[in-house]
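Please look at the model shown here before reading on.

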Amino acid sequence: MAPGNEAEWARLNAEKREYHIRATRALSPSERVAQGQKLSQQGVRLLASMIRGGHAPSRAFWS
Amino acid sequence: MPHPEPSGPDLNGVVADANAVGLSYVVIGGFSVMANGFVRATKDSDLLVPDGSDVDGAIQRFLDRIEATRLHDDKVLSETEIADAHHIRVRSRHGIVDIMRGGLPPLDYETVAAAAIEGEAGGEPARFAGLRSIVGFKRLADRPQDRRDLEELEAFHGELPKDEIPGLDT
């Protein structure tokens with residue numbers, strides 16, 4: 001985590017993207033949507049708790 | 001007026017209720033991006049519906065069933081407001097739902113529906129916009145999230161199919 005490591009970060013990011021692409025290819029479109037729906041609901045719950053706790057402005061959700 | 005705490009999008013519920021009232025629709029937006037290979041979070045469910053007054057009754061029944069109120073003022077929409085609106089954004093018991101009427105070809109309802117992916121959500125049949133339609137919508141909207149979606153879909157599919165979009169390419 002310091003300037004000068006851009007090439008290493010690019011490699012790690014590419015590996016991560018490849019992993020996600022492989023995992024997603026193994027799913028049907030409906031399975032992808034089901035996974036995304038869970039992710040979305042978790043994300044909104046987390047955001048709501050951050051707003052409740054005063055760690056994010058309420059406009060964060062409605063933007 | 002402060003908004004109540006948001007809830008996450010429940011596409012399963014949206015699809016079940018749209019099917020129950022006989023609303024013709026194609027799922028577009030974030031959930032269609034997921035179906036096409038980029039699984040990410042979204043805050044709402046987006047539906048494309050046919051243009052024209054024939055569908056107004058089904059939209060009304062759908063909005064009643066999901067207990068919808070308009071997002072910006074919490075108003076229950078009247079028949080006239082539904083008929084006049086090209087885009088309806090509501091909060092509902094299934095989270096935020098955006099309803100858009102089809103635009104000009106190739107982003108009209110008939111073209112998008114013909115190219116849609118048949119799938120399901122929560123055991124209910126559902127149609128999701130196909131890649132070609134998504135690319136058109138995203139190119140037209142061109143917000144940061146749209147550009148990110150196109151980048152990720154290109155990483156997944158390779159070169160993306162592009163149709164000429166009136167007003168954008170002509």
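The questions below concern a predicted model, its confidence scores and parts of chain B.

Q: What are the ipTM of the model and the mean pLDDT of chain B?
A: The model is a prediction, and its pTM is 0.93, while 97% of the residues of chain B reach a pLDDT of 70 or more. The mean pLDDT of chain B is 94, and the ipTM of the model is 0.92.

Q: Which element gives the most to the side of chain B that touches chain A?
A: The contact takes 19 residues from chain A and 24 residues from chain B. On the side of chain B, at least two residues each come from α1 (11-20), α2 (29-35), β6 (117-121) and α7 (144-157). By class, that side has 13 nonpolar, seven polar and four charged residues. The element that gives the most, with four residues, is β6(B).

Q: Why is strand β2 of chain B described as largely enclosed by the rest of the structure, and how many of its residues are buried?
A: Both faces of the strand are covered, with Asp44(B), Asp46(B) and Leu48(B) buried on one side and Ser45(B), Leu47(B) and Val49(B) buried on the other. The strand, residues 44-49, is therefore largely enclosed by the rest of the structure, since the number of its residues that are buried is six of the six.

Q: Which residue of β5(B) stands opposite Ser45(B)?
A: Strand β2(B) pairs with β1(B), residues 26-28, in the antiparallel sense over three bridges, and there Asp46(B) is the bridge partner of Ile28(B). Strand β2(B) is also joined to β5(B), residues 95-101, by six bridges, and these two strands run parallel. In β5(B), the residue opposite Ser45(B) is Val97(B).

Q: Within what arc do the buried residues of α3(B) fall, seen down its axis?
A: The buried residues of helix α3(B), residues 56-65, are Ile59(B), Phe62(B) and Leu63(B). An α-helix has 3.6 residues a turn, so residues three or four places apart point the same way. The buried residues of α3(B) line one face of the helix, because they fall within an arc of 95°.

Q: Which elements of chain B do the buried residues of α3(B) pack against, and which residue with a positive phi follows α3(B)?
A: The buried residues of α3(B) pack against α1, β2, α4 (79-84), β4 (87-92) and β5 of chain B. After the helix comes a residue whose phi is positive, near 55°, and this residue is Glu67(B).

How values were computed
Residues numbered from 1 in each chain as written. Chains lettered and ligands numbered in written order. Predicted model: local features only at pLDDT ≥ 70, side-chain atom pairs only at ≥ 80, totals over all residues. Contact = placed C-beta atoms within 7 Å. Nonpolar A, V, L, I, M, F, W, Y, C, P; charged D, E, K, R; others polar. pLDDT = per-residue confidence, 0-100. Buried ≥ 20, exposed ≤ 12 C-beta atoms within 10 Å, placed from the backbone. Pairing = 2+ DSSP bridges. Arc of directions from axis to C-beta.
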